[in-house]
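Biologist: I am new to reading models with two chains. Could you walk me through this one?

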Amino acid sequence: MSKVLIIGEHDGKTLNPATLKCVTCAAAISDAEITILLLGAETAAVAAQAAAVAGVHHVLRLDRPENTHPLAAVFAPQIVAVAAAYSHVFGPSTSFGKDLTPRVAALLGVPQVSDLMAVETAYRFRRPIYAGNAIVTVEADPARKLVATVRVASFEAAALGGAATVAMVAVDVALPTHTRYVGAKSGSTDRPDLQTAAKVVSGGRALGSAENFKILFSLADKLGAAVGASRAAVDAGYAANEMQVGQTGKIISPEIYIAIGISGAIQHLTGIKDARTIVAINKDGEAPIFEVADVGLVGDLFQIVPELERMI
Amino acid sequence: MQKIMVCIKRVVDYNVRVRVKPDGSGVMLDGVKMSVNPFDEIALEEALRIKERGTNVEVVAVSIGVADTQQQLRTALAMGADRAILVQTDAAVEPLTAAQTFLALAKKENPDLILLGKQAIDDDANQTGQMLAALWERPQATYASKVEIADGKLAVTREVDAGLETIEVDLPAVVTVDLRLNEPRYVKLPDIMKAKKKPLDVSSLDALGIVAGTYLKTIKTEPPAQRQKGVMVKDVSELVDVLKKKGLI
């Protein structure tokens, strides 16, 4: 039997939906026993949410003041101590998971498989390389513990309806003090979270300015959508870094992705190819985005976007 | 700050569209242009800027790979690195092996700071820096978009999913860099000539006591599933009709 330890991502109040995708991935391993480990200062509320996820057997809480902020150097030795009893350690392929799990793997002296997109057996998985231009099937050694990140865009969120046990866990490990949290600046908005939104409106360099990007926000608000951006738009300063979609930004799988003034570089397409429906609006009919779009419209975005907003 | 080590990987150039071999045994690499991993180039640029701000900072570029990786290290020297070390091997180097190798170099070189890209654009693994920091038992600051040095400490602004986060780490430390940290300089011809005279030492995994582990077996390589070509609409009202029919708006 595989015993999978999932490192739960949360902000102290809410379990991140990326963790629900990890549960679905872990549940694809036959006969898996799934445990969610939560590290934080006070994880009672998040633990209650985690315990209600279908397919989860146990929730472990590792509460201590040093865990207030998710510092990989602080979390990793604690996870290693807990991981002794497990065959697999999974984290989400979010900035939280990607920062943390390799540190855990190295301390365990085992490899990591990044960005699991499909489970074939408990030790055989598929994952993308070269910005998704190739998919490899890799097999890890069952004699070793396996650490992996789960490509969240490849899995549906696990449903609710579970009733896992919740327990506190204490580990006796010295924690480093060489890494300290200073602060965060988030572009917090009332809009849906880009990583998990069902609808996304996204803009590219053709928007021309941060000011012009506002027409996308307006359309997004009418649709109840999150707003994303291409790397070119972020680099040009039209949009914030956390809005970047693509190989090195967020990889997302919304129901609908509306790409506006985005030419469709391969690195961008990597981030959206799991979208259910891709709509492309671009003045260049030859733009590569139309190769992957389900619905395409050639024209001037500055006329089309306001018109679209009026008609929906 | 006296010494910065920058880890560099030789990868298929950013602009090459990689294709899968028809027999599924890998991707086609024959005759393909190879370059410095773009994120590692940003790491090197940051090291050079720190050097140019301070005094007596030595920048050492290191890599692991085939003999031809000397080309990428020469590029690093032309950009401004003081010397380079190639750990030459024909073996496929997985991130854990790379981290162990860089650790062995770090123990010889004792850098105050190790800079490298957050991921290589070939395997997209995003592991080596974090693994190196773990094995070195030192801090890690990943996805850096700003690095400030003061009093033996670094304040690093990190690009995270929610926005920007700042952490403070003691030196020595490992920093992995993100896209917007800086824009790497172009190499000029005289610099390329000068770089030929700079020291480039060649070592081996054996000499460092490293055994290249094959932790993951690649069973097969396939092209990604293609999306079906969609429909073109002529105007906004037709677009709205299609989306309504699909139940999307």
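This is a predicted model: local features need pLDDT of at least 70, side-chain atom pairs count only at pLDDT 80 or more; totals for chains, interfaces and linings use all residues.

Modeller: Start with helix H4 (residues 128-136) of chain B, which is mostly covered, with eight of its nine residues buried.

Biologist: Which residues of H4(B) are buried?

Modeller: They are Thr128(B), Gly129(B), Gln130(B), Met131(B), Leu132(B), Ala133(B), Ala134(B) and Leu135(B). Just after H4(B), Glu137(B) takes a positive phi of about 55°.

Biologist: What do the buried residues of H4(B) pack against?

Modeller: Elements of both chains. From chain A come H3 and H4. From chain B come helix H3 (95-109), strand S6 (113-117), strand S7 (140-150) and strand S10 (173-177).

Biologist: How many residues does each chain give to the contact?

Modeller: Chain A gives 67 residues and chain B gives 62. By class, the side of chain A that touches chain B has 34 nonpolar, 17 polar and 16 charged residues.

Biologist: How do S11(A) and strand S9 of chain B pair, and over how many bridges?

Modeller: In the antiparallel sense, over seven bridges. Ala184(A) has Glu165(B) as its bridge partner. For Ser186(A), the partner is Gly163(B).

Biologist: What is the strand order in the open sheet of ten strands?

Modeller: Read S11(A)-S9(B)-S8(B)-S7(B)-S10(B)-S6(B)-S1(B)-S4(B)-S5(B)-S11(B), with mixed pairing. S11 of chain A and strand S11 (200-204) of chain B stand at the edges. Each has a single partner strand, so one side of each is left without a neighbour in the sheet. From one strand to the next, the twist averages 30°.

Technical notes
Residues are numbered from 1 along each chain as its sequence is written. Chains are lettered from A and ligands numbered from 1 in the order in which they are written. Two residues are in contact if their C-beta atoms, placed from the backbone, lie within 7 Å. Ala, Val, Leu, Ile, Met, Phe, Trp, Tyr, Cys and Pro count as nonpolar, Asp, Glu, Lys and Arg as charged, and the others, Gly among them, as polar. Two strands pair if DSSP finds at least two bridges between them. Helices (H or I, at least four residues) and strands (E, at least two) are DSSP runs, numbered from the N terminus. A residue is buried if 20 or more other C-beta atoms lie within 10 Å of its own, exposed if 12 or fewer, and partly exposed in between; C-beta atoms are placed from the backbone. Axes are lines fitted to C-alpha atoms, for helices over the stretch in contact, and angles run from 0 to 180 degrees between N-to-C directions.
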